Amino acid sequence: MEKYDLAIVGAGPAGMSAALNAENDNLRFVLGESQEEGWFPRVSVDSHYTVDNYLGFSSISGSELINRFKQHLANNGISADRSCVQDVKQEEGIFSIDLGNRKATAESVILCTGTKQKKLEVPGVDQFLGRSVFYYCASDGNQFVGKKVFVVGGRNTGAVTAVYLKNIGCDVEIIEKDPRLNCKDKYAKKISELSIPVRTSSQIVYLDGEERLREVSIQSPKGLEKVAAEGVFVCIGLLPNNDLARRLNVELDEWGYVKVDNNMATNIPGVYAAGDITGNLKQIVVAAAQGSIAEYNAGKFLRKKWKRE
């Protein structure tokens, strides 16, 4: 069984930042995947999503930024363990890590498990998932060029998705349940410039079709309306990936995010958390900073522990 000083669970910006600092601190660590789907939510890395608030880059695509992250780690001899972290348990101050294909132990853990997309709870959605209903659009949007599609959600991700779909030639419309869009002004301006229709105070309540979507039923203040459509792209927010935190009895807030102090420490000694799982501002720059803070304090925890021993 492999023995580590530190297990970093989740290989997004927070986890990669923590790993870089752990390498610099000469800690024995493993950087493991918390979700099989990938490094972090694709809305942050897709080529159509531009990151403009990461210091040093006035404008960079999400996919290019993650490539820079990966290259930085590779330059330092760091790579993520592609095994899915299936479980973490604590026994007498030591954490047992189930990596699926093998077991390991660690003396401290940093949870960087991030978030997952909220699902659209509408009758008929499962029938069309992957064919007409999608939670990402970079690889799926091209099949709807010249066709009618709806983007559900008027926050930043929904706005960026709608603009992308419009630019590649889709007949796109936004549906937002609130009375107005909740995206940044620059995205709202772009939506207006591209003349993308927006239905506010509206919700999709039913999807109809056979093998593929044929029409959507929309509930609005005007009543129920059926509209022909061939695709739906869902961008209605995120939920915390907190399964591992729950198993460790880590304290969560009312929304299910991990509660941390200024040191990124949880209520469980030796367990830290960083990135979107903490429920703070969901930005790549914030996650990277929190990963560094968490690793620094995990290192302090370990050195105090070793001194006592």
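**Reading the labels**

Mentor: Strands E14, E15 and E16 make an open sheet of three strands in the order E14-E15-E16, and their pairing is antiparallel. This is a predicted model, in which local features need pLDDT of at least 70 and side-chain atom pairs count only at pLDDT 80 or more, while totals for chains, interfaces and linings use all residues. Residues are numbered from 1 along each chain as its sequence is written, and side-chain values use heavy atoms, with hydrogens and water left out.

Trainee: What makes E14 and E16 edge strands?
Mentor: E14 and strand E16 (223–228) each have a single partner strand, so one side of each is left without a neighbour in the sheet. Strands here are DSSP runs of at least two residues, and helices (H or I) are runs of at least four, both numbered from the N terminus. From one strand to the next the twist averages 25 degrees.

Trainee: How do you know that E14 and E15 are paired?
Mentor: Two strands pair if DSSP finds at least two bridges between them, and E14 with strand E15 (residues 213–220) has six bridges in the antiparallel sense. One of the partners is Gln219 in E15, which bridges to Gln203.

Trainee: How many bridges join E10 and E17?
Mentor: E10 and strand E17 (residues 231–234) are joined by two bridges in the parallel sense, and the definition asks for at least two, so E10 and E17 count as a pair. Val133 has Val232 of E17 as its bridge partner. These strands belong to an open parallel sheet of five, ordered E10-E17-E11-E12-E13.

Trainee: Why is Ser202 called buried?
Mentor: Buried means under 20% relative accessible area, exposed over 50%, and partly exposed in between, with a 1.4 Å probe and protein chains only; Ser202 has 3%, so Ser202 is buried. Ser202 sits in the loop between E13 and strand E14 (203–209). Leaving aside neighbours within four places in sequence, Ser202 is in contact (heavy atoms within 4.5 Å) with residues including Ile175, Ile218 and Pro221.

Trainee: And what makes Glu173 buried?
Mentor: Glu173, in strand E12, has 8% relative accessibility, so Glu173 falls under the cut-off as well.

Trainee: How do you know that the side chains of Glu173 and Arg199 make a polar contact?
Mentor: A polar contact is a pair of N or O atoms within 3.5 Å; within protein, one must be able to donate a hydrogen and the other to accept it, and residues adjacent in sequence count only if both atoms are side-chain atoms. The side chains of Glu173 and Arg199 make such a contact at 2.4 Å.

Trainee: Why is E1 described as largely enclosed?
Mentor: Six of the eight residues of strand E1 (residues 2–9) are buried, so E1 is largely enclosed by the rest of the structure. E1 pairs in the parallel sense with strand E8 (residues 103–111) over seven bridges, and with strand E2 (residues 29–33) over four bridges.

Trainee: Which residues make the contact between H1 and H7?
Mentor: Among them are Pro13, Ser17 and Asn21 of H1 and Ile284, Gly291 and Glu295 of H7. The axes of helix H1 (residues 13–24) and helix H7 (residues 284–308) come within 7 Å and cross at roughly 40 degrees, where axes are lines fitted to C-alpha atoms, for helices over the stretch in contact, and angles run from 0 to 180 degrees between N-to-C directions.
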